[in-house]
2 protein chains.
Amino acid sequence: MSEIQLIEIKEEILSDNKNLADELRKKLKEEKTFVLNLMSSPGAGKTSLILSTIAKIAGALRIGVLEADIDSIVDSEKVASTGIQAVQLRTGGFCHLDAPMVIKGLDAFDLKALDLVIIENVGNLVCPAEFDTGAVKNAMILSVPEGDDKPLKYPLMFSICDVLLVNKIDYLSLSDFDMNEMKERVIKLNPDITIIEVSCKTGEGIEQWSSWLAREVKEFIG
Amino acid sequence: MSEIQLIEIKEEILSDNKNLADELRKKLKEEKTFVLNLMSSPGAGKTSLILSTIAKIAGALRIGVLEADIDSIVDSEKVASTGIQAVQLRTGGFCHLDAPMVIKGLDAFDLKALDLVIIENVGNLVCPAEFDTGAVKNAMILSVPEGDDKPLKYPLMFSICDVLLVNKIDYLSLSDFDMNEMKERVIKLNPDITIIEVSCKTGEGIEQWSSWLAREVKEFIG
């Protein structure tokens with residue numbers, strides 16, 4: 001099977017997937033449940049951000065978490081320990097989530113009883129960007145140690161996200177990360193993106209991020 | 001198209017790919033050229049490690065670098081600035097390299113004039129682990145800020161590598177990264193792996209890594 005045939009298959013999958021994703025968003029609007037798709041490299045801080053977010057807004061919003069992992073259940077155990085419902089999708093080698101997988105995962109929740117479901121996508125800056133999950137908004141984390149050149153190297157991910165969290169700003173003192181340069185690169189790709197600097201370790205920026213998220217949820221669920 | 005059909009296609013591709021990879025390794029043995037496949041998450045330090053390695057062993061070995069990137073050419077520009085031949089493969093959305101792509105990339109080199117070609121794979125801990133590139137050895141980088149739980153979450157990558165470089169050890173003072181715990185997790189997956197702690201920033205460990213690599217190259221090319 002040649003490279004070109006593989007691309008065709010992928011395009012067919014992508015088109016079917018887009019239709020399912022659009023249907024899911026319609027359903028979420030009816031159910032009044034906001035779904036956030038959170039993406040990043042491995043180790044950028046997705047689980048830590050989810051835990052910080054829960055600590056900040058679980059009093060005001062009814063939250064669920066859909067965890068995707070290739071093999072382990074360590075992240076969903078951490079989330080479940082906060083008392084929040086966590087559902088684990090084992091992707092079994094799949095490098096991304098698509099709409100059918102998310103629909104299957106969301107079936108495990110009582111959506112009418114939830115305002116917000118956060119999806120922790122597979123740690124990967126490439127493939128998850130290509131598959132619409134049906135989420136209402138897309139968020140990504142770039143962590144400072146990954147470097148300020150990532151928008152040049154993974155442009156699609158930065159282009160499709162509504163919000164970029166720049167995490168681990170507590171590492172800035174040890175790093176040559178150029179925040180302004182990085183932001184310029186991102187805004188060139190995606191002028192409408194919201195960029196928030198955070199540190200899940202020190203708590204800096206979590207208030208601003210949680211307010212952004214709560215506002216988006218309320219706007220969607222009315 | 002259902003999820004199961006996608007898996008079947010993938011397995012067919014994987015089997016064709018494995019045959020091509022085995023053929024490439026035979027050819028490399030005849031040409032007396034060692035190929036190293038270097039993998040990691042985005043921003044773990046692949047390009048920095050390649051630059052440090054070139055600085056250390058380019059006097060003793062004739063080196064080429066095959067760079068894979070989805071879109072940009074920033075890494076190959078950095079390598080080319082050292083005077084080493086760099087070839088850029090634009091993967092155009094593909095999240096990994098496979099044997100046909102590597103064979104195509106290696107065609108751009110005069111292999112008889114090279115002892116070592118280092119492949120910088122796409123920054124991704126998932127997909128590259130599934131595709132045999134035809135390289136003689138597989139290396140991966142885990143950087144300290146990514147966290148010590150990565151072997152639990154991306155077990156295949158840790159299982160298929162011959163050597164693990166633990167990079168950015170200069171960040172250890174700011175981190176709760178547990179080196180012993182991480183190593184135990186890796187050795188449980190892959191008892192034969194060589195683990196070397198490095199910092200491309202301070203140069204720590206680069207001597208040990210370069211010696212390991214030079215020894216492997218000499219053993220292969222005779």
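**View 1. Two copies, chain A and chain B, superpose by rotation in this predicted model.** A rotation of 180° places chain B on chain A. The shift along the rotation axis is 0.0 Å, and the RMSD is 0.0 Å. The two copies are thus related as by a two-fold rotation axis. Of the interface residues of chain B, 100% are also interface residues in chain A, so the copies meet through the same surface.

**View 2. Seven strands of chain A build an open, parallel sheet.** The strand order is 3-2-4-1-5-6-7. Strand 3 (85-90) and strand 7 (194-197) stand at the edges. Each has a single partner strand, so one side of each lacks a neighbour in the sheet. Neighbouring strands are turned by 20° against each other on average, direction ignored. In general, strands of a sheet pair through backbone hydrogen bonds, either parallel or antiparallel.

**View 3. Strand 6 pairs with strand 7 in chain A.** Strand 6 covers residues 163-167. Four bridges join the two strands, in the parallel sense. At one point of this pairing, A:Val163 stands opposite A:Thr194 of strand 7. Helix 8 of chain A packs on the sheet. Helix 8 touches strand 1 (34-40), strand 4 (116-120), strand 5 (137-143), strand 6 and strand 7. The direction of helix 8 makes about 140° with that of strand 1.

**View 4. A:Ser210 sits in helix 8 of chain A.** This helix spans residues 206-221. Is A:Ser210 buried or exposed? The relative accessible area of A:Ser210 is 3%, under the 20% cut-off, so this serine counts as buried. Which residues does A:Ser210 touch, leaving aside those up to four places away in sequence? The contacts are A:Thr53, A:Lys56 and A:Ile57.

View 5. B:Asp22 is partly exposed, at 31% relative accessibility. B:Lys18 is also partly exposed, with a relative accessible area of 38%.

**View 6. B:Arg25 and B:Asp132 link distant parts of chain B.** Their side chains form a salt bridge, with the closest N and O atoms 2.8 Å apart. B:Arg25 lies in helix 1. B:Asp132 lies in the loop between strand 4 (116-120) and strand 5 (137-143). The partners are 107 residues apart. B:Arg25 is partly exposed, with a relative accessible area of 21%.

**View 7. B:Arg62 and B:Asp115 join two loops of chain B.** The closest N and O atoms of this salt bridge are 3.0 Å apart. B:Arg62 belongs to the loop between helix 2 (46-57) and strand 2 (63-69). B:Asp115 belongs to the loop between helix 4 (99-106) and strand 4. The pair is 53 residues apart. B:Arg62 is partly exposed at 42% relative accessibility, whereas B:Asp115 is buried at 10%.

**View 8. Four residues of chain A share one salt-bridge network.** The members are A:Lys18, A:Asp22, A:Arg25 and A:Asp132. Salt bridges with shared partners join them. How many salt bridges does the whole structure hold over all chains? The search finds 28.

Methods:
Residues are numbered from 1 along each chain as its sequence is written. Chains are lettered from A and ligands numbered from 1 in the order in which they are written. This is a predicted model: local features need pLDDT of at least 70, side-chain atom pairs count only at pLDDT 80 or more; totals for chains, interfaces and linings use all residues. Side-chain values use heavy atoms; hydrogens and water are left out. Buried means under 20% relative accessible area, exposed over 50%, partly exposed in between (1.4 Å probe, protein chains only). Contact means heavy atoms within 4.5 Å. Two strands pair if DSSP finds at least two bridges between them. Axes are lines fitted to C-alpha atoms, for helices over the stretch in contact, and angles run from 0 to 180 degrees between N-to-C directions. Copies are superposed by least squares on the C-alpha atoms of residues with pLDDT of at least 70 in both.
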